[in-house]
Amino acid sequence: GGGATPWLALSTIALAAPATPLVAAAGAPAPGGGTVLAAQEVSAMLKASAPADALSLNSANSAAAAGLRVVRSYERSADGAALVLRFNLTNGGRSPVEVGAVGLAMPESPGHPPAGIESVVWNDAHVGGAHGWVEFVRVVGDEATLLVTPADRISSPLEAWRPMMEDLGGGDAYEWVVASAAWAAEWANNTQWPHLAMSDSLKQQYPPFATDPETPWPTTDGKRAMPRLAASGGGAARPWVDPTTLLLRPGETSSIALRLQLAEAGPRTRDAALAKMGSAVLRAVPGYVLSPHLPGTLFIQPPAGATVSTARADPPSGADTATLDATLRAPLPSGFVPVRLTAAGYGEVRLPVGFSPG
């Protein structure tokens, strides 16, 4: 898809065809020094999910789907501390294939109140690109905490955290989105497939929180839906991480991998676990909302072996008038690097942080 060609949506959610086990792959060395535990080819499952008319009426999409090979593998990490989920996308066709979005579904809670609070797992995502992560915490009991980070920060950033509106089952489902340009074009108008338009019948059934909703997104009061269009140049029109696509040339393979690892002693050890997993750790004082009368400080612990090289806020965009002055200070004995922040105006501000090396 892309350009003048509409995007073709492929998904494994409907299990439209069986996965093909790759028995010979089990026990083989994995990228990064780990070991493959199991692998399956899911190409047929993805292709079977495409609407027939989307392939028959569009030769470009049909050729792209026919040549795309996708292998899913589960691996033991080289240090034995984590499970690695990997998807290898290979273009077996004769023409380049542009992938507008790639998403990996994350585990969801098996139960919700009033089914029982003991079964509930809450999640929290830091949409931080190469240093993004997702935290899953069991609410009560042992407070077991699962962290998900990129196994490869170049190929597998957390570019967006997408609610899977097509999955209306017994729980909330989100996916880790590596490339998001196809979704971002819809989010800019406060829509998302398959709810690009709210039909009269859909308004009566979904979402249940609103009367005469224009979009599937709830407002904070839970009684209304967000309007059809976002503010020009602001809000949903400007994601936290710039949207990208993935271009696969003929014969090229792209490997997308996530690392799943438990924090040793629950949520209070999250930051220590993230540091062990090679992620940057951030702490904001007094928080992530600032006023012109209340300066703040962002404390950054860079990944092991790296230093903070830059911290410079993006200029205002669209309807936003907010600006943020960031001043790097000398590292503290704890290893954290303070960044003094002074805000002005109103709106959202992105503060990209650079590390050297990597």
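The following exercises, each with a worked solution, lead through the predicted model of this protein.

Residues are numbered from 1 along each chain as its sequence is written. Because the model is predicted, local features need pLDDT of at least 70 and side-chain atom pairs count only at pLDDT 80 or more, while totals for chains, interfaces and linings use all residues, and side-chain values use heavy atoms, with hydrogens and water left out.

**Exercise 1. State how many helices and strands the protein has, and what share of its residues is buried.**

Solution. Begin with the elements, which are DSSP runs numbered from the N terminus (helices are H or I with at least four residues, strands are E with at least two): the protein has six helices and 19 strands. Next, take burial, where buried means under 20% relative accessible area, exposed over 50% and partly exposed in between, with a 1.4 Å probe and protein chains only; of the 358 residues, 38% are buried. Finally, look at the contacts (heavy atoms within 4.5 Å): among those with a separation of 6 or more, 61% join residues 24 or more positions apart.

**Exercise 2. Find the order of the strands in the open sheet of eight strands, and say which strands stand at its edges.**

Solution. Two strands pair if DSSP finds at least two bridges between them, and on this basis the order is 1-2-3-4-13-9-8-7, with antiparallel pairing. Strand 1 (20-21) and strand 7 (121-126) each have a single partner strand, so one side of each lacks a neighbour in the sheet. Inside the sheet, strand 2 (residues 35-41) and strand 3 (residues 68-76) are joined in the antiparallel sense by six bridges, and A39 stands opposite S73 in strand 3.

**Exercise 3. Describe the surroundings of R72: is this residue buried or exposed, and which residues does it touch?**

Solution. R72 is found in strand 3, and with a relative accessible area of 17% it is buried. Leaving aside neighbours within four places in sequence, R72 is in contact with A19, A38, A39, Q40, V42, L85, R86 and F87. Its side chain also makes a polar contact with the side chain of Y74 at 3.5 Å; such a contact is a pair of N or O atoms within 3.5 Å, where within protein one must be able to donate a hydrogen and the other to accept it, and residues adjacent in sequence count only if both atoms are side-chain atoms.

**Exercise 4. Identify which residues touch the most other members of the largest nonpolar core.**

Solution. A nonpolar core is a set of buried Ala, Val, Leu, Ile, Met, Phe, Trp, Tyr and Cys residues joined through side-chain atoms within 4.5 Å. In the largest one, of 25 residues, these are L89, V102, V148 and W176. The elements giving two or more residues to this core include strand 3, strand 6 and strand 11. A second, separate core of 13 residues includes V308, L324, V339 and F355.
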